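User: I would like to go through this model by question and answer. Please end each reply on the value or name I ask for.

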Amino acid sequence: MEPVLCTPSLLFQSSPGKGTSHPPLCPPGIKCGGVLSAPSGSFSSPNFPGLYPYETECTWLIVVAEGSSVLLSFSHFELEYHTTCAYDYLQVYNGAARDRGNLLGTFCGHSPPPPFSSAWHVMAVVFRSDRHVAKRGFSAAYRKDACGGQLTGLSGEITSPRYPESYPNDAECRWSIGAPDGGAPLTLVFVDFQVEGGQGCGFDYVAVFDGPTASAPRLGRYCGSARPPRTVSSTPHLLILFKSDYNIGGRGFKAHFYSGECQEVFTAIKGNFSSPRYPNFYPNNLKCQWSIQLPPGYRVRIFFLDMDLEGRSSLTGGCDYDHVAAFDGGAENGSLLGQWCGQESPAPVTSPSNRVLLVLHTDRNTARRGFSITYVGVVPMNVSCTRTDFHIQIPVQFLAQLERNRIYLGTPSCAAQVVGRNFKIHTRFDTCGAESQKRNNTSVIISTLYIDFSAGDQEDIHQYEVQCEPKRKEASVTLITGSDPSRLSQAENLLDAQQREEEAMDIREVKSQDTSDIVFISICILAGLLMVIAVVGLVLL
């Protein structure tokens with residue numbers, strides 16, 4: 001929806017169902033604000049360079065051609081000062097919607113705002129004064145930038161001119177990226193790349209520098225059709241330089257950048273993370289990635305502790321605006337495990353493999369609190385039972401850092417033994433804290449398997465419920481708790497087949513189970529014979 005003009009200032013309205021309007025102040029006789037649609041221009045506070053009026057609100061909406069960005073700079077800046085800019089202030093928004101997630105900054109005092117480059121072809125500037133203390137105000141200029149610019153934010157996207165169409169000849173574009181917190185390194189990932197090739201990349205090329213200027217160390221120079229590797233800066237700045245010569249072009253490139261809390265890789269058996277700025281509102285225009293990479297054989301169990309994202313579309317019923325998605329295999333081309341939005345309470349998700357990628361997308365307006373997630377690596381194990389015994393087998397390679405006494409069933413006295421390349425627990429039902437229960441009108445034997453990952457003063461004990469249905473000789477194991485029992489009281493069936501190399505060992509285990517069955521039957525027959533003898537003896541007496 002187009003913004004609604006208020007004379008003399010501008011009233012922002014967001015898309016239907018996605019926010020509320022903000023009424024402006026319109027003092028009589030004060031003219032300011034409006035829509036600026038020329039490729040370049042300038043604007044200033046009312047009465048500049050004289051003192052600006054009291055109780056005034058002005059909004060300028062800068063709109064340039066689609067596919068371009070807006071470059072904004074300030075030549076003079078003098079507003080009433082306050083530590084939180086609560087009196088007179090100027091705000092810059094990345095887009096048309098006056099939404100907290102679009103806010104690039106709020107400024108006051110005598111220090112001018114830094115230059116800004118919008119993430120798309122629209123930018124908004126809001127000036128407001130209160131009823132006390134007037135200053136000279138500000139003067140600003142803007143221009144359309146077909147490529148390049150100064151970019152800030154937790155994440156963003158850059159593309160070559162006209163992408164995905166062929167880029168123009170004799171082009172030179174520079175993107176200077178600065179992390180918003182001023183201290184976190186930046187990650188640059190190319191998702192598409194096709195630039196004229198040549199020995200030494202002497203014709204068309206993309207160069208990446210570890211700093212804000214081309215005098216910083218060069219991290220790489222790329223051309224051809226091979227995607228450049230993932231690049232991580234050592235400073236909170238990156239410079240991307242694109243140059244093309246006088247002939248032969250290509251499709252160009254598309255790349256994403258991430259900063260700090262917007263992109264992390266987890267390799268620990270358990271962990272937790274949340275959306276940027278959680279529990280405060282997350283920024284708009286984000287694409288954040290969290291990659292969980294556990295050792296082969298593990299699976300990843302994800303628990304959603306809190307979720308508050310923009311809701312579903314009233315038209316499609318889908319998560320078309322802000323959403324978080326999980327992919328198996330560690331890449332966005334993997335199987336989609338789920339996509340969520342709104343204030344949903346998703347059920348725990350378990351990956352088929354040892355790698356999961358979670359991606360957060362946010363659009364241009366309507367930010368919310370975000371989400372909090374914890375995960376636990378599901379230890380691969382093989383559990384079986386007979387009518388009298390539990391058999392548990394865990395390959396040592398998956399718990400190589402643990403002593404055998406850190407793995408026990410019921411009580412520490414029922415610790416695992418190391419047999420070959422496996423931790424093994426073989427116990428009878430009448431030991432190790434097992435108990436009989438009725439579940440779904442079926443008698444089952446229940447015990448708890450403990451795996452103790454504690455280190456130092458930090459307790460970290462994972463618990464699995466082991467269950468056997470003796471009549472059918474069927475066993476299962478469920479994850480009860482991970483690092484936080486109050487949060488992870490969820491169960492999952494983890495009955496897994498053992499690896500091929502251990503099949504022979506499993507066959508021997510089955511044979512031992514059959515032997516236990518024979519012993520059980522023999523005891524029953526002997527008890528019957530003794531009872532018959534006792535009855536006969538009583539009759540004879």
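This is a predicted model: local features need pLDDT of at least 70, side-chain atom pairs count only at pLDDT 80 or more; totals for chains, interfaces and linings use all residues.

User: Which residues lie nearest the centre of the largest pocket?

Analyst: The largest pocket has a lining of 50 residues. The elements giving two or more residues to that lining are strand 8 (103–107), strand 9 (116–117), strand 12 (149–152), strand 13 (155–159) and strand 20 (252–259). Nearest the centre lie N94, A119, W120, G156 and N285.

User: Which strand gives the largest share of the lining of the largest pocket?

Analyst: Strand 13 and strand 20 are among the elements that give two or more residues. The largest share is five residues, and it comes from strand 13.

User: How many residues in the lining of the largest pocket are charged?

Analyst: The lining divides by class into 19 nonpolar and 22 polar residues, plus a charged group. The count for the charged group is nine.

User: Which residue of strand 20 is the bridge partner of E157?

Analyst: Strands of a sheet pair through backbone hydrogen bonds, either parallel or antiparallel. Strand 13 and strand 20 run antiparallel and are joined by five bridges. In strand 20, the partner of E157 is H256.

User: Which residues line the largest cavity?

Analyst: The structure holds one cavity of 30 Å³ or more, and the space in the largest cavity is about 40 Å³. Strand 12 gives the largest share of its lining, three residues. By class the lining has four nonpolar, three polar and no charged residues. The lining consists of L104, P115, F116, S117, Q150, L151 and T152.

User: Where in the chain is P49, and what is omega for the peptide bond that joins F48 and P49?

Analyst: Most residues other than glycine have a negative phi, and most peptide bonds are trans. P49 is in the loop between strand 4 (40–44) and strand 5 (57–63). The bond joining F48 and P49 is cis, and its omega is about 5 degrees.

User: Which loop holds P279?

Analyst: The peptide bond from Y278 to P279 is cis, with omega near 5 degrees. P279 sits in the loop between strand 22 (270–274) and strand 23 (287–293).

User: Is C85 buried or exposed?

Analyst: C85 is not a glycine, yet its phi is positive, about 55 degrees. The residue lies in the loop between strand 6 (69–78) and strand 7 (89–93). Buried means under 20% relative accessible area. At 12% relative accessibility, C85 is therefore buried.

User: Is N441 buried or exposed?

Analyst: N441 also has a positive phi, about 60 degrees, although it is not a glycine. Its place is the loop between strand 35 (435–439) and strand 36 (442–452). The cut-off for exposed is over 50% relative accessible area. With a value of 75%, N441 is therefore exposed.

User: What share of the 541 residues in the chain is buried?

Analyst: The chain has one helix and 38 strands. Among contacts between residues at least 6 apart in sequence, 73% join residues at least 24 apart. The accessible surface comes to about 26000 Å², of which 51% belongs to carbon and sulfur atoms. The buried share of the residues is 50%.

Key
Residues are numbered from 1 along each chain as its sequence is written. Side-chain values use heavy atoms; hydrogens and water are left out. On a 1 Å grid over the protein atoms alone, a cavity is a set of points where a 1.4 Å probe fits but cannot get out, and a pocket is an open set with protein on both sides within 12 Å along at least five of seven lines; lining residues have an atom within 4 Å of a point. Helices (H or I, at least four residues) and strands (E, at least two) are DSSP runs, numbered from the N terminus. Ala, Val, Leu, Ile, Met, Phe, Trp, Tyr, Cys and Pro count as nonpolar, Asp, Glu, Lys and Arg as charged, and the others, Gly among them, as polar. Buried means under 20% relative accessible area, exposed over 50%, partly exposed in between (1.4 Å probe, protein chains only). Contact means heavy atoms within 4.5 Å. Accessible areas come from the Shrake-Rupley method with a 1.4 Å probe; for residues, only the protein chains shown count as cover. Two strands pair if DSSP finds at least two bridges between them. Grid points are joined across faces, edges and corners, and a volume is the space filled by probe spheres set on the points.
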